[in-house]
Amino acid sequence: IAREAAKRAAEQVLWNRVAVRRALDVRAGKTRRKPSPVAPTDVLSTRADWERACAQLGELDLPLHRDKPKNWDALAAISFVLDNVASSGAVLDAGCARYSTLLPSLRLYGFADLFGNNLEWSRPTRHGPVRLLPGDMTATPFPDERFDAITCLSVIEHGVPVKGFLVEAARLLKPGGVLFISTDYDQNPPDTTGKTAYGQPVHIFSPDEIRAIVSEADAVGFRLIGELKLDHAERPVTWPRVGIDYTFLSVGLRKAEK
């Protein structure tokens, strides 16, 4: 109970800061500078890559994730949405964590039709126009073609039925809408036998599994944006809790036009 209360308190502090910054931007008529272009489909290859992401988020005065390597895919997702969706568009962050910085960052860029959902949440929460809802990301209550973009950061490795999620994302996105997924990955995955986290076995996706996900996405109407990269020079991510080193991979997809 105390831990959950601390999470909610930190969440409220984050969103309070965002509300103040957004109000100051509007009052000053400020147009925020967008991130430098980032490949939507990519692999985190070195520590320097996530360090550069942290530095750029700092320069842009955007919230930083407390787990520094996660700023790599957060920045990529922000850039991806800004490149593909107008600020009047609707965005769902599927499997959103309370400490996620993606929706707060999009709010600073003027987005208002923003949703996050997570199966673990017990009740809805609202931060201005942003709505965080309890729910299964593979079976949502939203109507068909509700969103212009869906993001899913570091979620599918935690026991998510990936095909079910892709089918639901295809239902929810408008024709031409975009999907950004990031996940734990390694070109030679470390042994995770007996390791668990968040109530699920720890899983690091392999190259063959990523290729299979891209194939499943293609089968339900998505097309890969960019080139699938699977090799990396380092294992720049460390998960001390379970004692493994690995990296992250991102995949950008677009739903076919009708």
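Colleague: On what basis are residues numbered, and which pLDDT do local features need?

Modeller: Residues are numbered from 1 along each chain as its sequence is written. Hydrogens and water are left out, side-chain values using heavy atoms, and in this predicted model side-chain atom pairs count only at pLDDT 80 or more, totals for chains, interfaces and linings use all residues, and local features need pLDDT of at least 70.

Colleague: Is the pair of F115 and F147 stacked or edge-to-face?

Modeller: The ring centres of F115 and F147 are 5.8 Å apart. Their planes stand at 80°, so the pair is edge-to-face.

Colleague: How many residues apart in sequence are the parts that this pair of F115 and F147 ties together?

Modeller: Helices (H or I, at least four residues) and strands (E, at least two) are DSSP runs, numbered from the N terminus. F115 lies in strand 3 (residues 113–118) and F147 in strand 6 (residues 147–153). The pair therefore ties together parts whose separation in sequence is 32 residues.

Colleague: Does F147 count as buried or exposed?

Modeller: Buried means under 20% relative accessible area, exposed over 50%, partly exposed in between (1.4 Å probe, protein chains only). F115, with a relative accessible area of 6%, is buried. At 0% relative accessibility, F147 counts as buried.

Colleague: Which residues do ring pairs link into a cluster with F147?

Modeller: The rings of F142 and F147 have centres 5.0 Å apart and planes at 85°, so this pair is edge-to-face. F142 is buried, as is F147. Ring pairs join F147 into a cluster with F115 and F142.

Colleague: How far apart are the closest N and O atoms of D144 and R171?

Modeller: A salt bridge is a side-chain nitrogen of Lys or Arg within 4 Å of a carboxyl oxygen of Asp or Glu. The whole structure holds 16 salt bridges. In the one between D144 and R171, the distance of the closest N and O atoms is 2.7 Å.

Colleague: Where does R171 lie, given that D144 lies in the loop between strand 5 and strand 6?

Modeller: The pair ties together parts that are 27 residues apart in sequence, because D144 lies in that loop and R171 in helix 5 (residues 162–172). R171 also meets E168 in a salt bridge (2.8 Å, N to O). E168 and R171 are three residues apart, about one turn of the helix, and both lie in helix 5.

Colleague: What is the phi of E145, which is not a glycine?

Modeller: E145 lies in the loop between strand 5 (130–134) and strand 6. At 29% relative accessibility, E145 counts as partly exposed. Although E145 is not a glycine, its phi is positive, at about 55°.

Technical notes:
Phe/Tyr/Trp six-rings, centres within 6.5 Å; stacked < 30°, edge-to-face > 60°.
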